[in-house]
Each structure stands twice: as structure tokens, then as C-alpha cells.
Amino acid sequence: MTAKSQSTSRIVIGLICAVAAIALVAGTWFVAQYFQSPAQREASAEPPPPGPVVVAVKRGDLLENTTTMARAVKEEAAAIAIPLGAETEIVTGLGTRIGDSLAPGAVVTWVNGRPIFAIVGAFPLYRNLVLGDSGPDMEMLQEALNGLGCDIAVDGSFGGATAACVTSLYRNVASEPSMRTVETAPEASASVAGAADLVQPIPPKQEIQIRSADFLVFPSLPKQVVSVPPIGTKLSPENAKVDVAGLGISLEAEVPGSVASGLSVGMTAEATGEGEVFPVRILAINPVTGEDSLDADSTQASQAPSVVVVFEPVGGQLPEAWAGQQVLVTLNLSEPITDTLLVPQRAVAAGSDGRTSVLVQTSGGGFEQVAVEELGCTQGMCAIEGAGLEEGSLVRVDR
């Protein structure tokens, strides 16, 4: 066979193999299509209809949190001067003892039979206050009184609500606030039978006043009492003082005003450092200026008034090793709802009567409307409770 014949044969054989391969593929596709079930052909022809979207009910805690970095500060001992008046002043009773924890509103000592209260503030009270007075000292005292449980406007003006709160503070320790005598001008009566006008005297009235000497102002509380003048001490500039020490480590965090607006004294949080977690709470919220800022270079601090939030430990002390370190604080912006049923907020619907309900999937695949009580919602999740609803139940969220 010539070379040309051999080449022609190879070409023919290649064409035959290619045709056979195409025929094999086509035959396989035909068989697959032929033996496909009607259901398969219908499913491949159009997408399946959308079904209800359900999620499982979970059990847990509903929390609204935010985080900030705080500086751990070791508190040092300090001496706080007891205000002295012009008269002789004698310690007549013990309000607190050495080693005690001194909290806001506690009686530090009794002088001349009067209680001296511990409050938190930026400066000592510098004058006696009477009804109608106003100023920064009154505003600071109102803030301190609110920290003790009063509910008064912090407007810097001494009015009736502030007077009632101060009165309650004294009566809680079986005492009375200081009073002052206010003279009133006499009134002229109408003429009687042409007689000269008679002047009717009006008796003086008693009006509450706040004695500056009755309040001992601390930068922060609580503190541990190191020394206090004993009963019988005649107070002088040399011995009229209370020595206190910090209760260990406290935390200070600077937060922008936008966050601070949602904070309040007593709010709980968790402090995390070196793998340990400790419960803390807000002890004080203090406004700061730019030069006092813990982060003077922060552009955020320049955009909104910042505050320094002081945290104290709850039920113990923070580790001494934290002193000087940065600690992560997780704040609870609202009271946590613990050990509750949780569902997405989209699952809860309110009717025209204001009642709330969820759609719970039944064993047959249908849905049953179940009335629930909404305990609270935050960040897209709601805490609920309802009869027949339990952890693992499937509720619909696409209605």
C-alpha cells in the first residue's frame, strides 16, 4: 500500500471514531431524557414555589450592650476636711467607724448633735442655701441628692422639691434640717368707722435652709474610713478631718456624649482583663473639658461633649494587677432579661387590639396563632413568653 493510501485510511478511521463518539453522547442524553420522571421534568421546567420561612425559638438572655475601654486606677488615701463654723464644735456621735465602707448619703459623724452627710461632688459647699437661691453649688447638691434616690430637676435652683428631698434625708436618720426665721412685713387693715388704718403684725415664719457644714463632699465614693475624730473631740483646723482610702481598683472610661446620654449611676457592666471577668457598676458620671480628656487627641471627643464614667466593683475587688492597664468594659444599656424565650422581632405581630402573637408551626406543617407577651426587644430580637411556646418551637418570620 502506498503512503498516500495509508494516509487516506487514517483520515477515514478518525472520522468514523469521531462520529461514533458524538452518537454515543447523543444516545446517552436521549436515554436520560426518556427515562426522566414527570415530576423531575416539571421541577426542571420551573422553580419551586417559595415556602414559609421559620426559625427555632431559643432560650437565653436579652441584652443591649455597648463596649468601651477603661483605665484601671488604684485609689490612694486622702484627708477630707470637716467644715467648721464660728461656734465651738464638738463630736457628739459616731456616724461611721474605722474600717467601715463609707457610701453616698451615709452619716460621717455627728457634730453638735447634727449629722454630717457624705455626698459626691467636685467641690465643697461654700455657703448656706435658702429657698430661692441658685448656683453651681445648688446644682451639684441636686445631682448628689438624685444619686441618693430623689427625683428632682437638676436646675441649680432651690425650690420645693429640693426642700422635700433634703427634709427626707435628715428624717431618715431621726434628725431635722436646719430652719431659719423669716420676718414678714406687717399689713395695713381697712379703716373702721373713719379710724386711722390699723397695722396688723404678721408672725414670722420658719423656712428650711441647707447648712454647708452638714455636708462632707468627696470626689468619689465609696471609700474606706481610715480615721475619724472620736466622740468628745473639740474640732479645730488641725483635727477636723476624716481620713479615707480607696477600696482598691476603680475604672475610668471616657465616652462620647451620644453614648453617655443613655447611661446612669448604678447601671451594671462587666470588666474583662487578662482573661478574667468581674461585675462592675457606674459609680459616677463626670463631664470633662478637652484638656482633661483621657484621650485629648480624639476627634470624636471634639465632636460631642465627653464624660468620664467611673466604675466600681460589685461584690468584691478588682485585681491589683490591673492597675494602670486598659480594661474592656461591656455596658448593659438596659436591664437584662435573663433566661427567657427569644425570637426575631419579625416573628412578633401586634393586632388592632394591641395584643401580640406569633405563628407556630404545627406537626402537620400548618401554623397556629399563639398569643404571647412581649417582655422587651433590642437589636432585632425580642424576649417573649406564652402558653404552649417552648424552646425549639418553629415560628414564622416572613408574614
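The points below cover a sheet, a loop serine and some salt bridges.

1. A word on the basis: this is a predicted model, where local features need pLDDT of at least 70, side-chain atom pairs count only at pLDDT 80 or more, and totals for chains, interfaces and linings use all residues. Residues are numbered from 1 along each chain as its sequence is written, and side-chain values use heavy atoms, leaving out hydrogens and water.

2. Have a look at the open antiparallel sheet, whose four strands run in the order E4-E16-E15-E6. Strands here are DSSP runs of E with at least two residues, and helices are runs of H or I with at least four, numbered from the N terminus; two strands pair if DSSP finds at least two bridges between them. At the edges sit E4 (78-81) and E6 (101-102), each pairing on one side only. E15 (residues 223-227) and E16 (residues 241-245) share three bridges, and Ser227 stands opposite Asp243.

3. Ser393 belongs to the loop between E26 (381-385) and E27 (394-396). Its relative accessible area is 12%, so Ser393 is buried (buried means under 20%, exposed over 50%, partly exposed in between, with a 1.4 Å probe and protein chains only).

4. There are eleven salt bridges, each a side-chain nitrogen of Lys or Arg within 4 Å of a carboxyl oxygen of Asp or Glu. In one of them, Arg211 meets Asp214 at 2.5 Å between the closest N and O atoms. Arg211 is buried at 18%, and Asp214 is buried at 1%. Shared partners join Arg114, Arg211 and Asp214 into one network.

5. Arg355 and Asp353 also form a salt bridge, at 3.8 Å from N to O; both residues are exposed.
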